[in-house]
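Hi,

Here's the structure I said I'd pass along.

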Amino acid sequence: MVAIQPHGGERPSKLVVEGLCKRYGATTALEASSLSVGEGEFLTLLGPSGSGKTTLLQLICGLVEASEGRVIIDGRDQSRTPVHQRDIGLVFQHYALFPHLTVAENIAFPLKMRGRAAADIARRVTDALEMVHLGHLAQRFPRELSGGQQQRVALARCFVYQPSIILMDEPLGALDKKLREHMQIEIKRLHRESGATIVYVTHDQEEALALSDRICLMNHARIEQLGTPREIYERPRTAFAADFIGISNIFRGTATANGSLETAHGLFALPDGARCDDGKGALVIRPEHLHLGTEAGNSVAGTVSEIVYAGSETRIIARLDDGAALVLRLGPGETVPGLDERIVAGWQRDKAVLVS
Amino acid sequence: MSGAVAARQHRTGWRLPRLGPLWLALPGVIFLGIFFAYPVAQLLGLSLVDPATGAFSTATYQRIAGTDVYLRVLGITFRIAGYTALYSLLIGYPLAYWLARLPDIFRGRMLLFVMVPFWTSYLVKTFAWMIVLGRSGIINALATGSGIVDQPLALLHNEFGVMVGMVHAMVPLAVMTLLPVMGGIDRRLVQAAQTLGASPAHAFWLVYFKLSLPGVAAAGLLVFISSLGFFIVPAFLGGRRETMLAQLIITQIQELLNWPFAGALAAMMLATALISCWLYDRLFGLSTIAGGSAQVSTGRIRDLGLVILGWIAALAGKLAALTRMVLGKRGSGLILPLFAWVTIAFLVVPTLLVIPLAFTSSQFLEFPPPGYSLTWFETYFASPLWIQATIRSFLVAFATAIAATTVGGFTALALANSRTRWGGLIFAFFLAPMIVPRIVIAVGLFYLFARMGLIATDLGLIIGHTVLAIPFTLVTIAAVLKSYDQRLDQAAATLGANRLRTLVGVTIPLVKGGLVAAFLFAFITSFDELTIAIFVSGGIKTTLPKQMWDDMILQLNPTLAAVSVVVFVVVTVMLVTAERFRRAP
């Protein structure tokens, strides 16, 4: 595949990152990376900690100076523009609200810095507060607000001056699960209503799947895979991508001449058209594609070691003969095997994905 | 039914007020009540009483108001203390800002350049400046030697000398007060301001500086109050026209034996200090001194403040742009580190210059020394007077350290476990000896000890020094306990340990570093202490600082340099050890 991923084609490019890279002495925080984000798109940078996603975000907004590469916003090279002139909005993980200013003053801050007229500021602040349903808290100080309210203020402070791009650095990381899900819907709504271009950083794959138009999966300071949530889930390109997004059963092995993969668990048929160039590869089978019973050339045997009932499904964890774990998902109607029972699980050849 | 009755009986029965763990602070409260609050209060009373009849009288105050001299001295004291606070902030703020932005590892090391001058004895520092600024001092020797000037400059015994000495003595205090506040400012707020469109100048002034203001005010207050009670610096570096209030008090007691009048002067100083504190509390809240969060003021003053900061930011932005044009981006980035290093040199170098002089072979304090020898150390070690004073200082410091660490430790433990409103009040009371000028405490103790027969005793010295050292031990131990996970105590309790065994087996081993640091800080406080020693030690029972003071008044000699080096080395070694323990428990 090519290095620069087009963002779909129908949208004009809002942000283009070209060969952006950051080194601190001998360590590389971000290898030369390129991507392009379309107008009004919601792109998520997803990856484990230390994968370079926050570095990429900081390079885009200018808080960190790039070692190489260019940041192009609206067709203009902004690589050397200082932070405060880039017209980018950044929502911080811990909100970064100014503790000495009231909610209204916090939201007015970016407008004042832009020298807007007082009446204009007042109107926009009111609108922004309405947008996040916090009109009644305008005169409070940030510390008098709950975590969720503070985050809504931070969002309002960012949306109020309509920056060309809004960056969000794990904005929901400090909230509990329930609130996080609520705020996800809130952010989705703000995105839809404002039509803003958003680059969002998270290490939470569910959040990424729920919010994004496209996901940029990162690992080891570089971009691992870039695509829609569906593409990445259904067609992961690497074992890391398969493992990081959703639950995967991964069998590593060597491709043989007759279109199968030789693994420690046996010889498995490859899906149609799948090839691995260097002979090494891995088969990824999602738990929902595994079923009890044999399938010609595509089954493994093991012992049930754990049964997890999760309401809409039942998850079976089986121990394979070499000690590796296998996860399969049973629908509501299916018969559940007993603990320590010997089972055979199979999958349809085309449901498996070959990754490098 | 019976349960309800029992409960009611339980409720109506006579009970101690619910202080809970605060009982642990009681010994300290009593100690400070007797040896700090009472003598200071009595001092205030004494100034309002006719010494002959014991009746209420404002005669002493009338005398102060009636004589031009005292008002002038008061004015001088205010002016010098005010300028000292101003300059210490102007120099200390950039240094503290630079330190606060360093990576943690470097900051720990760089901080020693502030800590060592902070704890170095005022006498040693003043002695150093006498050598540097004197008529035949280092600067004049260099200036005349190189032909820049033909006449030695008058750098000493004038206001310049006093200001240099005072600011040098106080910058470390300002920095140490500013640093915790700056460390508490979330650096991402400045980044946030910039992403929101604020230029670096606006981000600094509207966010960082605004949030550091409580620290600025606290540093200004502490420096101002400490400066009010200064006498060492003006006595040696100033002239007649730089006489400060504390010097008058010493003269009144030691030479004129006019105790009530000294009391009135001390009361005046105390009143000034208290009014400053009160003003500070109204504006910022006292807890910020201990690193607590600041109150947020509201109303018109606040709005005005924000507007003024906006103007400053705009001005600073223009200035920064201009500087950048002249020096370039790299050049203007070097201004702050350069300033910080020059300030560090100003703080450290004078004291270091004393070291070669201690090894001079000359009879005089000439710089550079014509040759090197150990003569002056031999003189020091051979002198029974110096050696006895040294031994006494060590013993007193050791006893003080044990007493102050015990009291401070129990109080810190009490405060850490207490959630009542009494906690804040007790904390403020224990910090008070740091805020009340030392000379006031010393004079108060002098009266008390005179009646108790504790003058010229080691016990008197130990008590006085413990009063001064308690705030340091409390703050040090409280800081460690703050980061200490209280659940460990609860875990020990659930595992079957009683209170005492929890304390001995779990808490103390884990906060050991803080305790050792507190012990050493208290030791240094006592080892350096002069003010109380002047009043309480008498005759041949002197301490090292007192002996130095007497010698310095008599005449400067190279033995003093040798003694200074000894004091400097002892204090520095203790300090570095304390810092090591404080960081890695």
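Ile72(A) has Asp77(A) as its bridge partner in strand 5 of chain A. Before going on: this is a predicted model, so treat everything here as computed.

That pair belongs to the link between strand 4 (residues 68-73) and strand 5 of chain A, an antiparallel pairing with two bridges. Zooming out, four strands of chain A make an open, antiparallel sheet in the order 2-1-4-5. Its edges are strand 2 (27-38) and strand 5 (76-77) of chain A, each pairing on one side only. Helix 1 (residues 53-61) of chain A packs on this sheet, where it touches strand 1 (13-24), strand 2 and strand 4 of chain A. The direction of helix 1 makes about 115° with that of strand 1 of chain A.

Next, strand 14 (residues 280-285) of chain A. Five of its six residues are buried, so the strand is largely enclosed by the rest of the structure. It runs antiparallel to strand 11 (residues 249-255) of chain A, with six bridges joining the two; Leu283(A) in strand 14 is the bridge partner of Phe251(A). Strand 14 also pairs with strand 20 (residues 353-355) of chain A, again antiparallel, over three bridges.

Last, the two chains: 17 residues of chain A are in contact with 16 of chain B. On the chain A side, strand 6 (88-91) and helix 2 (103-113) each supply at least two residues. By class, that side has twelve nonpolar, three polar and two charged residues.

Cheers

How values were computed
Residues numbered from 1 in each chain as written. Chains lettered and ligands numbered in written order. Predicted model: local features only at pLDDT ≥ 70, side-chain atom pairs only at ≥ 80, totals over all residues. Buried ≥ 20, exposed ≤ 12 C-beta atoms within 10 Å, placed from the backbone. Pairing = 2+ DSSP bridges. Contact = placed C-beta atoms within 7 Å. Nonpolar A, V, L, I, M, F, W, Y, C, P; charged D, E, K, R; others polar. Axes fitted to C-alpha atoms, helices over the stretch in contact; angles between N-to-C directions.
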